[in-house]
Amino acid sequence: MLNILLVDDDEVDVMNVQRAFKKANITNPVYVAGNGIEALEMLRGDSMPHQRRIVLLDINMPKMNGIEFLREVRRDPVLRSLCVVVLTTSNEDRDRIEAYQLNVAGYLLKPVTFIHFVDVMATLNKYWALMEMP
């Protein structure tokens, strides 16, 4: 069972991800952080398990955005190998390029419709099932 940390400041998007997980029968525990600072505190603290973690990361957030979060994670020897998938509305080439340079496992645009959101979450779940996670 993977422990999913959803890092997103938009409450509607958080609810959509949670609803899409339920609709796609994804039962992994989901932890939520509203920005990169909160996410780092959760990953370094005891508020979520330290094994089998994956991060779903938005780019545009207050305090510490997704790119800043990725830079910090990749500098941290304990978190460096963390699997991160970007799930964002940002279609900016510079965000996509920088995210991949920071070794993200994928860069997905948030779907506009809920049905597509469910499809994306189901596809992610299949991907996670095929990955070897420590």
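Which exposed residues does the face of helix 1 turned away from its buried side carry? The legends below begin with that helix, in a predicted model.

View 1. Helix 1 comprises residues 11–23, 13 residues in total. From its first C-alpha to its last it reaches 18 Å, close to the 18 Å expected at 1.5 Å a residue. The buried residues in helix 1 are Asp13, Val14, Asn16, Val17, Ala20 and Phe21. They lie on the same side of helix 1, because they cover an arc of only 160 degrees around the axis. An α-helix has 3.6 residues a turn, so residues three or four places apart point the same way. Glu11, Lys22 and Lys23 are the exposed residues on the face turned away from the buried side. The cover over the buried residues of helix 1 includes strand 1 (3–7), strand 2 (30–33), strand 3 (53–57), strand 4 (83–88) and helix 5 (114–130).

View 2. The N-terminal end of helix 1 is capped by aspartate 10. One of its side-chain oxygens lies 2.8 Å from the backbone nitrogen of valine 12. Helix 1 is followed by asparagine 25, which has a positive phi, near 60 degrees.

**View 3. The loop between helix 1 and strand 2, at asparagine 28.** Asparagine 28 sits in this loop. Is asparagine 28 buried or exposed? Its relative accessible area is 15%, under the 20% limit, so asparagine 28 counts as buried. A polar atom of the asparagine 28 side chain lies 3.1 Å from the backbone oxygen of leucine 2. Leaving aside neighbours within four places in sequence, asparagine 28 is in contact with Met1, Leu2, Ile4 and Asn125.

View 4. Five of the five residues of strand 1 are buried. In a regular strand the side chains alternate between the two faces of the sheet. From strand 1, Asn3, Leu5 and Val7 point one way, while Ile4 and Leu6 point the other way. Strand 1 pairs with strand 3 in the parallel sense over five bridges, and four bridges join strand 1 to strand 2, also running parallel. Isoleucine 4 has isoleucine 54 as its bridge partner in strand 3 and valine 30 as its bridge partner in strand 2.

**View 5. Valine 32 in strand 2.** Valine 32 belongs to strand 2 and is partly exposed, with a relative accessible area of 35%. Not counting residues up to four places away in sequence, valine 32 touches Leu5, Leu6, Val14, Gln18 and Met42.

View 6. Strand 4 and strand 5 run parallel and are joined by four bridges. Valine 85 stands opposite glycine 106 in strand 5.

Key. Residues numbered from 1 in each chain as written. Predicted model: local features only at pLDDT ≥ 70, side-chain atom pairs only at ≥ 80, totals over all residues. Heavy atoms only, no water. Helix = DSSP H or I, 4+ residues; strand = E, 2+ residues; numbered from the N terminus. Expected span 1.5 Å × (residues − 1). Buried < 20%, exposed > 50% of the residue type's maximum accessible area, 1.4 Å probe, protein only. Arc of directions from axis to C-beta. Contact = heavy atoms within 4.5 Å. Polar contact = N/O pair within 3.5 Å; in protein donor to acceptor, adjacent residues only side chain to side chain. Pairing = 2+ DSSP bridges.
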